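Welcome! Take a moment to turn the model around on your screen before reading on, and then we can walk through it together.

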Number of protein chains: 2
Amino acid sequence: MTEETGLRERKKQRTRQALSETAIELFLARGFDQVSVADVAAAVEVSKPTLFRYFPSKEDLVLHRIADHQGEAARVVRERAVEASPLAALRAHFHARLDAYDPVTGLCDNPAVLAFHDLVFTTPSLLARTVRYSERDEELLAAALYETGGDGGDEFMARLAAAQIVTVQVRLARGNWCRINGGVRAAEALPRAHAEADVAFDLLGGGVGAVYG
Amino acid sequence: MTEETGLRERKKQRTRQALSETAIELFLARGFDQVSVADVAAAVEVSKPTLFRYFPSKEDLVLHRIADHQGEAARVVRERAVEASPLAALRAHFHARLDAYDPVTGLCDNPAVLAFHDLVFTTPSLLARTVRYSERDEELLAAALYETGGDGGDEFMARLAAAQIVTVQVRLARGNWCRINGGVRAAEALPRAHAEADVAFDLLGGGVGAVYG
DNA sequence: CTCGAAAACGCAACCGAGTTACAAAAGATT
DNA sequence: AATCTTTTGTAACTCGGTTGCGTTTTCGAG
């Protein structure tokens with residue numbers, strides 16, 4: 001199905017990629033708000049309406065990248081080993097991504113990745129949009145949790161748990177990014193990242209009650 | 001300090017209120033996106049720049065109302081009875097607000113309140129902005145939790161817990177609003193709202209681990 | 001009461017995001 | 001090559017938000 005060998009299709013793919021890459025390049029160089037969509041369109045030698053035919057908004061020029069990770073948590077739960085609990089699978093997965101210095105964990109000092117994260121986190125309109133992605137992620141995770149049946153068929157509980165899990169993962173990533181952004185190398189920050197992840201998943205699993213209850 | 005008896009100050013207050021009230025009125029009647037800021041300004045007989053001197057954005061014409069509730073969770077924690085734990089205080093407070101059919105719980109079938117909630121929740125740009133308010137609320141709660149010292153001085157844990165608590169409260173309110181919006185009277189939905197709140201706070205206190213761990 | 005400074009306002013023009021209508025161009029089809 | 005469809009460019013438009021500037025209104029001091 002990825003073999004739509006038409007010339008037309010190839011051109012579209014190339015235009016789309018050129019738009020996104022050129023846009024991010026310009027945004028990184030001058031800042032998101034200092035580059036207009038007209039600038040991007042001009043740089044790719046495309047008209048403004050055409051740009052919006054490829055990306056519904058200026059923000060999507062940047063954020064379509066992170067859309068690829070949509071549903072990762074849900075997938076982890078679904079594809080976990082039969083003997084593993086959902087939470088244990090998510091925990092193990094997060095630690096594994098940490099060791100791989102996966103950008104999604106925030107623990108990644110690759111200059112390009114860091115600059116990209118910096119762009120997203122320090123541009124209000126971009127940051128606001130990431131929330132929408134988290135919400136979708138949460139929905140998908142809730143569905144996956146519900147399917148496990150551990151809640152005795154309580155859909156509301158699945159949604160609550162999903163919300164908490166996604167929230168915690170976002171906080172973990174933000175914490176890591178902050179330290180990396182403060183100049184710490186990823187390898188140095190790794191132990192603390194693992195420790196915080198343990199704290200977070202312990203809290204998640206054992207409840208806030210043990211501390212503030 | 002609320003006694004700035006100047007004529008100037010009084011006029012400003014009146015203009016501000018007129019702008020907000022007229023705007024909400026128009027938005028409720030025709031929909032947020034079908035009313036331009038120029039319409040609002042014209043209805044109040046004020047110029048467009050003046051409108052923006054009072055409210056930094058179109059959304060703030062609506063949302064400045066909910067800004068009043070900022071920091072409610074933090075306040076509850078700070079002003080709790082000495083023998084009460086933070087979580088118990090928050091739980092009791094939520095149940096109490098439920099019994100009072102407080103709009104913040106989503107369980108309120110007052111037509112005006114319902115229409116207002118409907119406006120906020122079904123207008124994407126407004127809904128997006130509410131997230132910012134929640135984030136601020138979360139920050140304040142984190143600080144209040146940290147001060148209790150129950151975490152042994154772990155600021156990160158305070159932030160995690162605050163994030164989870166705020167998230168759960170938002171979900172509870174959304175659930176209630178959904179049912180009210182579906183036509184159920186607040187009094188009818190009250191038992192279920194209490195039940196869900198219990199489930200939510202149990203999950204919060206006892207951990208996701210007991211269910212999905 | 002008067003006068004001058006400061007605050008608030010209106011006007012008009014402007015910018016940038018996003019949309020629309022229509023006509024022109026380019027790929028696909030026979 | 002002729003035709004049909006999809007994609008594109010042009011130009012004009014709407015709307016949120018800003019800016020510069022001149023005018024009015026309020027305040028406060030003499």
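At what angle do helix α1 (residues 7-30) of chain A and helix α7 (residues 111-122) of chain A pack? The angle is about 80°, and the axes of α1(A) and α7(A) lie 10 Å apart. Axes here are lines fitted to C-alpha atoms, for helices over the stretch in contact, with angles running from 0 to 180 degrees between N-to-C directions. α1(A) is therefore roughly perpendicular to α7(A), a label used for angles of 65 to 115 degrees.

Before going further, a word on the background: this is a predicted model, in which local features need pLDDT of at least 70 and side-chain atom pairs count only at pLDDT 80 or more, while totals for chains, interfaces and linings use all residues. Residues are numbered from 1 along each chain as its sequence is written, chains are lettered from A and ligands numbered from 1 in the order in which they are written, and side-chain values use heavy atoms, leaving out hydrogens and water.

Back to the two helices. Ile24(A), Phe27(A) and Leu28(A) of α1(A) are in contact (heavy atoms within 4.5 Å) with Ala115(A), Phe116(A) and Leu119(A) of α7(A). Sorted by class, this contact has 6 nonpolar, no polar and no charged residues. Nonpolar covers Ala, Val, Leu, Ile, Met, Phe, Trp, Tyr, Cys and Pro; charged covers Asp, Glu, Lys and Arg; the others, Gly among them, are polar.

Chain A as a whole has 11 helices and 0 strands, taken as DSSP runs (H or I, at least four residues, for helices; E, at least two, for strands) numbered from the N terminus. Its C-alpha atoms fill a box of roughly 60 × 40 × 30 Å along the principal axes.

Now to the two chains together. The contact takes 35 residues from chain A and 35 residues from chain B. About 3300 Å² is buried between them, with carbon and sulfur atoms giving 67%; this is the accessible area (1.4 Å probe) that two parts lose on being put together, summed over both.

How many salt bridges cross the interface of chain A and chain B? The rule, a side-chain nitrogen of Lys or Arg within 4 Å of a carboxyl oxygen of Asp or Glu, finds 2 there. Two examples follow.

| Salt bridge | N to O distance |
|---|---|
| Arg171(B) and Glu138(A) | 2.7 Å |
| Asp198(A) and Arg91(A) | 3.1 Å |

Asp198(A) in helix α10 of chain A and Arg91(A) in helix α6 of chain A are 107 residues apart, linking distant parts of the chain.

Note on methods: Angles under 35 degrees count as roughly parallel, over 145 as roughly antiparallel, 65 to 115 as roughly perpendicular and the rest as oblique.
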